[in-house]
Every structure is written in structure tokens, then in C-alpha cells.
Amino acid sequence: MLLKHYAPRKPLYLVDDLSRAGERFAPAETGVLAFGNSEELTRFAAVEQLSEGSDLREAAIHFFSGIRRLDKCDIRQIVATPFPDEGLGRAAE
């Protein structure tokens, strides 16, 4: 059993559309917890790629380490898009 739960110090926001996240968050101050590839990723200050091939198992393995690395970056906030609502992606509910 875990003695404590990890939560990032920086605010983490879930966004439905990464292409529109730049409207709400300044890309130069924002890190992205990425699942899959997108040209939008190059706009942001820091990116932690959980799985370029959109593999849920691979993403689950890299999830907390990705958040920890972004938390150490010189950014104001972290944004992420939801995982697909299937298989391991349902564990987020």
C-alpha cells in the first residue's frame, strides 16, 4: 500500500482539444503530458510523451514519471488530454 499519493505541485488541467489549449494557456509557460502524436506538441515549452503510438499500456507505465518530470520544468502549468474510454483508459474514471 502507498503511504502517500503523488500530486504535482504545478496545476494540471485536462483539456479535450490540445489544438485549442493555446487559447487558454500560454504555450511558452505550459507543459504537455502527451498521448499520441500531434503537430500541436511543438508549440509548448515542455512535452512528456507517454506513448507516440497511442498504446495505453505504454502510457500507463510512463504516466507518473512523465508528470514528475514536467513538475520539475520551468513551466506554470501542465495540460493533458483524456485517454480513450477503453481498456486501461477507463481506469482514470
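**Talking through a predicted model**

Biologist: Let's begin with Gln 77: is Gln 77 buried or exposed?

Modeller: This is a predicted model, in which local features need pLDDT of at least 70, side-chain atom pairs count only at pLDDT 80 or more, and totals for chains, interfaces and linings use all residues. Residues are numbered from 1 along each chain as its sequence is written, and side-chain values use heavy atoms, leaving out hydrogens and water. Buried means under 20% relative accessible area, exposed over 50%, and partly exposed in between (1.4 Å probe, protein chains only). Gln 77 has 10% relative accessibility, so Gln 77 counts as buried.

Biologist: Which residue has its backbone oxygen 3.3 Å from a polar atom of the Gln 77 side chain?

Modeller: Contact means heavy atoms within 4.5 Å. Leaving aside neighbours within four places in sequence, Gln 77 is in contact with residues including Tyr 13, Phe 25 and Glu 29. The backbone oxygen at 3.3 Å from the side chain's polar atom belongs to Glu 29.

Biologist: Tyr 13 and Phe 25 form an aromatic pair; is it stacked, tilted or edge-to-face?

Modeller: Rings of Phe, Tyr and Trp (its six-membered ring) pair if their centres lie within 6.5 Å; planes under 30 degrees apart count as stacked, over 60 as edge-to-face and the rest as tilted. By this rule the count comes to two aromatic pairs. For Tyr 13 and Phe 25, the centres are 4.9 Å apart with 35 degrees between the planes, and the pair is tilted.

Biologist: And what kind of pair do Phe 63 and Phe 64 make?

Modeller: Phe 63 is partly exposed at 26% relative accessible area, and Phe 64 is partly exposed at 39%. Their ring centres are 5.1 Å apart and their planes stand at 80 degrees, so this pair is edge-to-face.

Biologist: Which element has the highest mean pLDDT?

Modeller: pLDDT is the predictor's confidence in each residue, from 0 to 100. The protein's mean is 86. Among its elements, helix H1 (residues 18-24) has the lowest mean, 86, while the highest, 96, belongs to S4.

Definitions and conventions:
Polar contact = N/O pair within 3.5 Å; in protein donor to acceptor, adjacent residues only side chain to side chain. Helix = DSSP H or I, 4+ residues; strand = E, 2+ residues; numbered from the N terminus.
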